[in-house]
Amino acid sequence: MFETPFSVVGTVATDPILRRVGEQDFLKFRVASNSRRRTPEGDWETGTSLFLTVNCWGKVADGVA
């Protein structure tokens with residue numbers, strides 16, 4: 001399996017939900033991100049929205065929580 005790291009800048013759209021699964025913590029939340037671009041006139045134009053579900057396990061979940 002290949003993994004590609006990337007970053008998303010946005011706003012947390014839901015309350016984080018922290019659960020315990022077996023011996024590990026599990027944290028789940030949604031992030032919303034909007035694209036923006038400049039028009040030829042110099043104004044900013046809002047593009048489409050991207051909503052992602054983020055699942056964090058173990059130490060990452062502890063750090064985010």
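Analyst: Of the 65 residues of the chain, 17% count as buried, where buried means under 20% relative accessible area, exposed means over 50% and partly exposed lies in between, with a 1.4 Å probe and protein chains only. This is a predicted model, in which local features need pLDDT of at least 70 and side-chain atom pairs count only at pLDDT 80 or more, while totals for chains, interfaces and linings use all residues. Residues are numbered from 1 along each chain as its sequence is written, and side-chain values use heavy atoms, with hydrogens and water left out.

The largest nonpolar core has five residues, namely Leu27, Phe29, Val31, Cys56 and Ala61; such a core is a set of buried Ala, Val, Leu, Ile, Met, Phe, Trp, Tyr and Cys residues joined through side-chain atoms within 4.5 Å. Strand β3 (residues 24-38) contributes three residues, the largest share of this core.

Val31, which is found in strand β3, is buried, with a relative accessible area of 12%. Leaving aside residues up to four places away in sequence, Val31 touches Val8, Gly10, Thr11, Val12 and Ala13, as well as Leu50, Phe51, Leu52 and Val54, a contact being heavy atoms within 4.5 Å. For Val31 and Val54, a sequence separation of 23 residues goes with a C-alpha to C-alpha distance of 7.3 Å.

Asp15 sits in the loop between β1 (11-12) and β2 (17-21) and is exposed, with a relative accessible area of 67%.

As for the whole chain, the secondary structure comes to one helix and four strands, in the order β-β-β-β-α from the N terminus on; helices (H or I, at least four residues) and strands (E, at least two) are DSSP runs, numbered from the N terminus. The radius of gyration of the chain is 16 Å, whereas a compact globule of 65 residues would have a value near 11 Å, the radius being taken over C-alpha atoms and the globule rule being 2.2 Å times the number of residues to the power 0.38. Along its principal axes, the C-alpha trace spans about 55 × 30 × 15 Å. Among the contacts in the chain with a separation of 6 or more, 34% are between residues 24 or more positions apart.
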